[in-house]
Amino acid sequence: MLFRSLDSERPWRCGAFTMAAGTYLVGESTASTALMMNARVKVKSISNLMPRNQGPRRVALVRGGGFGDLLFLTPIIRAMKKQHPDWEIRVECWKHCQCIFDGNPHLAEVKDYPPRMDDLMFYTQIHWLEDAMEWEPRSQNEHVIDLYAKKMGVELTEGKHLEYYGHLRHFDAMRARFPKKQKRRIGIQLSASAKCRTYPAALMERLIDLLYRDKEQFEVALFDIPRKDAQKADKVARVLNLCGEKEPLSFAESTAVLADCDAVIAPDSALCHIAGALDIPTVALYGPFPWQIRTKYAKSITAINGHARCAPCFHHERESVWPEGGMCRETGRCEALASIEPERIVKKIKEMMR
């Protein structure tokens, strides 16, 4: 069995933990979580795995999440299947992230993370991707698609564009549920999963106010969970507030509404990359990470890069919300993102919509 960790500079550490439901393979971050959740878990080191499978070539790509990181795997999966049509390719990820691969024609199956040891014996090749990007020094210079492809030995002959089909089965229903009030709609993702990648609340409020002034030309749709300090109820009520639905939209439903937008404004986040995959004109807001290592292969995305003395910090929030030694620890916001004026964003999005 070929078992690869993508981090060649740092020793690969993982273990197995056993519960009543079975034995699972985990990386060092998930192992600690499992121990906290179940004090009776037994953890042991794994030095090598002996394959039981002697049949067709079966390949596993193992990464829990998140949505954007999994989406970056789609060009690699496409190329791998094109070059090896007889291979059975599977992804093992968190259940709530599996919609990223809905309708993907190149995959045999998507399975739950963490992987069971018995399931791993089924494969002839495993690519362990958990925390690989976060700990890999070269991720500060290389796009994650290139990094993964190089480490997995895959030549990207089929292009580097992202693929996403999860919105298709919900598109008509969401269009009927949220019909456009104007001919054009601008979607805004209010926050990223990490605070350090989230556009500051006060600036976001100004941005929405500026766009609302042109309500006769287009409408504004808000995605994600609104932060109480960012969106006052009277202002949210004037736009299509998808975050305020009594029955929260699923990720796939949200992307179906996004697919009906004429333009998108988003931080470095899942919906930003979904918009790129769907070829929607997008203004992406960057600060902690250079835009080139995230969006350069998405032709419809124009990035606005914020500047600060501490940027780029490449902070992943693995150990703390804010990086040590940065101004953001004192201010509670990313100072690089805070340097991007809302007027600049509005000007750029209007240019893209002409």
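Student: Where in the predicted model does D279 lie?
Tutor: Residues are numbered from 1 along each chain as its sequence is written. This is a predicted model, in which local features need pLDDT of at least 70, side-chain atom pairs count only at pLDDT 80 or more, and totals for chains, interfaces and linings use all residues. Helices (H or I, at least four residues) and strands (E, at least two) are DSSP runs, numbered from the N terminus. On that numbering, D279 sits in the loop between α11 and β13.

Student: Is D279 buried or exposed, and what is its relative accessible area?
Tutor: Buried means under 20% relative accessible area, exposed over 50%, and partly exposed in between (1.4 Å probe, protein chains only). Phi of D279 is near 60°, a positive value in a residue other than glycine. D279 counts as exposed because its relative accessible area is 55%.

Student: F314 also has a positive phi; is F314 buried or exposed?
Tutor: Most residues other than glycine have a negative phi, and most peptide bonds are trans. Phi of F314 is near 55°, and F314 is placed in the loop between β14 and α13. With a relative accessible area of 16%, F314 is buried.

Student: Which residue does a cis peptide bond join to A311?
Tutor: Omega is about 0° for this bond.

Student: How many residues of helix α10 (residues 251-258) are buried?
Tutor: Among the buried residues of α10 are F251, E253 and L258. Contact means heavy atoms within 4.5 Å, and the cover over the buried residues of α10 includes α2, α7 (171-177) and β9. Helix α10 is mostly covered, and its buried count is eight of eight.

Student: Within what arc do the buried residues of α15 fall?
Tutor: The buried residues of α15 are P342, I345, V346, I349 and M353. Seen down the axis of α15, they line one face of the helix, because the arc holding them is 100°. That arc is of the directions from the helix axis to the C-beta atoms. An α-helix has 3.6 residues a turn, so residues three or four places apart point the same way.

Student: At roughly what angle do the axes of α3 (residues 74-83) and α6 (residues 144-152) cross?
Tutor: The axes are lines fitted to C-alpha atoms, for helices over the stretch in contact, with angles from 0 to 180 degrees between N-to-C directions. The two axes come within 9 Å, and the contact is made by P75, I76 and M80 of α3 and I145, Y148, A149 and M152 of α6. The crossing angle is roughly 35°.

Student: What share of the 354 residues in the protein chain is buried?
Tutor: The secondary structure of the chain comes to 15 helices and 14 strands. Buried residues make up 55%.

Note on methods:
Side-chain values use heavy atoms; hydrogens and water are left out.
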